[in-house]
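Welcome! Let us look together at a helix pair and a pocket.

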Amino acid sequence: MGYLEHIKACNNFDASSFRPFEIADRRVGWVRHDNATHLEQFSHIFDVSERSISMAPDLNEFDVRSAAMSLVVSTLSREGVLPLPRDEPYPVALDRNVPPLMRIERTACPFFGISASGVHMNGYVCHGGDLHMWVARRARDKGTYPGMLDNMVAGGQPLGLGLKENMIKECGEEAGISPVIAARVRPVGVIGYHHQSKDGVKPDRQYCFDLELPVDFKPVAMDGEVDEFMLWPIEQVAAKVRDTFEFKFNCNLVIIDFLIRHGVLDPDNEPDYVALCQGLHKSDAF
């Protein structure tokens with residue numbers, strides 16, 4: 001199949017099936033046409049037309065918009081349209097360097113096509129000159145992508161936490177990595193994709209980190225989200241990504257980025273090298 005299939009799988013968005021979701025005349029998301037009917041009951045919150053869905057102009061402050069969206073999310077959750085809330089507020093913003101327009105429950109982001117961010121870390125070991133990577137297997141009773149392979153540590157980026165601060169927190173919660181070791185984590189870039197699924201669309205960003213771990217370090221599954229950690233030679237990791245869909249869909253991109261940066265994939269040994277490099281960084285202006 002090849003690495004490029006993962007780029008394609010993560011960027012399957014078809015805009016013809018959606019209409020823009022706007023706040024203050026700015027597009028902040030996308031709502032699937034068949035989901036728009038669920039919002040017609042909130043006529044005091046949304047203006048629903050065949051061309052777009054916009055938040056009422058009198059909802060013109062962060063807290064006011066956030067409260068209105070909280071009502072929408074709780075109602076749609078009770079009706080079974082949205083998953084149960086996880087009490088994880090995410091910012092709705094055109095860029096992380098500008099003040100957010102409102103906050104929204106994480107589970108509602110795909111329904112409204114809100115751009116969300118996450119932090120993903122590749123933990124690796126250099127042993128005898130050979131590169132190995134820690135791979136996690138998601139808990140088999142996890143609500144999303146149960147039993148699939150995953151990056152060593154990953155998590156959503158909530159409102160109110162710095163990226164590295166969140167990454168260090170996730171290191172402790174998911175893999176038992178001490179703050180002293182986790183503080184060595186290095187930010188290495190950001191990946192973008194536009195993934196359409198039954199829940200809606202995820203125009204997401206993944207902030208990537210690398211952490212070189214001691215040879216004798218053994219991760220411990222702390223919060224029940226991981227069933228096991230495995231230390232694989234990098235060639236085994238690369239083959240698993242190249243030949244299968246056993247990793248959670250977006251984790252493949254994080255690993256492909258690692259393989260490129262560490263020279264495992266290069267222009268001479270990978271025919272899709274240029275397409276892979278370009279495909280990891282989709283513009284938000286989709």
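In this predicted model, Ile-234, Val-237, Ala-238 and Val-241 of helix α7 touch Asn-252, Ile-255, Ile-256, Phe-258 and Leu-259 of helix α8, where contact means heavy atoms within 4.5 Å. The residues of this α7–α8 contact comprise 8 nonpolar, 1 polar and no charged.

Next comes the second largest pocket, with about 520 Å³ of space. Pro-91, Ala-93, Asp-95, Arg-96 and Ser-115 lie nearest its centre among 28 lining residues, which have an atom within 4 Å of a pocket point.

| Strand | Residues |
|---|---|
| β2 | 26-32 |
| β5 | 89-92 |
| β12 | 200-212 |

The lining divides into 17 nonpolar, 6 polar and 5 charged residues.

Residues are numbered from 1 along each chain as its sequence is written. Local features need pLDDT of at least 70, side-chain atom pairs count only at pLDDT 80 or more, totals for chains, interfaces and linings use all residues, and side-chain values use heavy atoms, leaving out hydrogens and water.

Terms used
Helices (H or I, at least four residues) and strands (E, at least two) are DSSP runs, numbered from the N terminus. Ala, Val, Leu, Ile, Met, Phe, Trp, Tyr, Cys and Pro count as nonpolar, Asp, Glu, Lys and Arg as charged, and the others, Gly among them, as polar. On a 1 Å grid over the protein atoms alone, a cavity is a set of points where a 1.4 Å probe fits but cannot get out, and a pocket is an open set with protein on both sides within 12 Å along at least five of seven lines; lining residues have an atom within 4 Å of a point. Grid points are joined across faces, edges and corners, and a volume is the space filled by probe spheres set on the points.
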